[in-house]
Amino acid sequence: MKRILCLLIIVCGILSSRCVFAQSLSFTKEEKNVIKKRNGALGQSTQIVCEDALASIRIKYRVASKDKEHLAKLIYDREFRKLAHNYIENNPIQRMKEKMRIDSLFQDSIDALLIPYNHDISGKCISIALQFSDNLKLNSKKRKFLMDKALSFARRKRQNPTVLYAKEEMDALKKTLSRKQIEDILNEKNRIDASVSARRIWSDLEKAKLTEELDSANQMYLLNKYFSLDMMYHDYYVGDDEAMRNNLDELYKHRPTAIRMHEAIENRKRIEKSAKEEKKKKVSDTFAW
């Protein structure tokens with residue numbers, strides 16, 4: 001009984017609460033009437049459904065502490081509205097269409113809370129920009145512009161997980177942010193991958209016993225910087241092949257010593273492999289009948 005009472009209190013709060021994207025989330029007159037008439041029944045039958053729907057999101061995604069209460073209200077609001085239609089439409093097809101419409105209405109508001117901390121829902125770069133919007137000192141107009149774009153990408157990605165919108169994402173960032181701000185975002189995006197690439201190069205050199213005369217701290221710094229710039233150019237100049245190629249060519253001319261040494265190792269491996277394959281072919285040809 002206490003849990004049902006608590007749930008109904010939450011619903012009352014939901015009916016009066018509204019978020020940035022909630023203009024279309026208001027209860028219809030019919031839905032309000034059903035909830036008022038069937039409060040007890042709705043509380044009993046919806047409680048677990050709401051709890052499970054909320055738990056499902058919190059299992060899959062990271063939710064910021066400041067957004068947990070708001071997310072719970074959205075989920076409970078959505079599920080109560082859907083359940084209300086069990087008492088409005090008699091036609092199962094029409095009832096399911098209405099429930100699907102309600103799910104769609106709420107998706108943007110839910111995504112808006114999740115996108116800044118879950119970079120796989122929308123574009124990774126634009127998600128990071130929203131996550132660090134305070135650090136980047138973005139005003140409300142710029143945040144709204146980026147969030148609208150991020151929600152658009154999320155809708156398209158949900159319909160087609162293989163959709164490509166990297167150029168559109170970068171164009172949106174260039175329209176809103178400075179070059180320095182975008183570089184900071186891309187460095188954050190590529191930080192781990194750049195570090196992994198740098199450690200892989202260094203590990204290969206260590207195995208080949210070629211690191212004894214190298215300054216490890218300096219070379220690791222240069223390797224990280226090299227790979228960060230390489231990845232940043234690929235991201236920043238997406239769709240502009242000439243600019244990307246020019247920047248990558250210039251970067252390659254100034255590649256660190258560790259990369260030059262690693263290239264030498266890889267070339268030697270290729271030559272040795274080619275020689276073995278050629279020798280094997282000659283032996284095979286000798287015994288061909």
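**Confidence, fold and one serine**

I began with confidence, since this is a predicted model: the mean pLDDT of the protein is 87, and 83% of its residues reach 70 or more. I then looked up where confidence is lowest and found helix α1 (residues 2-16), at a mean of 44, whereas helix α6 (residues 124-131) is highest, at 98. Over residues 1-20 the pLDDT stays under 50, and I noted that the model has 26 contacts beyond four places in sequence for this stretch. Where pLDDT is low, predicted coordinates should not be read in detail, and I left the stretch there.

For the fold, I counted 12 helices and zero strands in the protein. Among contacts between residues at least 6 apart in sequence, I found that 69% join residues at least 24 apart.

Next I checked the surface: of the 289 residues, 39% count as buried, and the accessible surface comes to about 18,000 Å², of which 53% belongs to carbon and sulfur atoms.

Is Ser122 buried or exposed? I put Ser122 down as buried because its relative accessibility is 2%, and the cut-off for buried is under 20%. Leaving aside neighbours within four places in sequence, I listed Ile115, Ser127, Ala150, Phe153, Ala154, Lys157 and Tyr165 as the residues in contact with Ser122. For Ala150, I also noted that its backbone oxygen is reached by the side chain of Ser122 at 2.7 Å.

Terms used. Residues numbered from 1 in each chain as written. Predicted model: local features only at pLDDT ≥ 70, side-chain atom pairs only at ≥ 80, totals over all residues. Heavy atoms only, no water. pLDDT = per-residue confidence, 0-100. Helix = DSSP H or I, 4+ residues; strand = E, 2+ residues; numbered from the N terminus. Contact = heavy atoms within 4.5 Å. Buried < 20%, exposed > 50% of the residue type's maximum accessible area, 1.4 Å probe, protein only. Areas by Shrake-Rupley, 256 points an atom, 1.4 Å probe, with all protein chains shown as cover. Polar contact = N/O pair within 3.5 Å; in protein donor to acceptor, adjacent residues only side chain to side chain.
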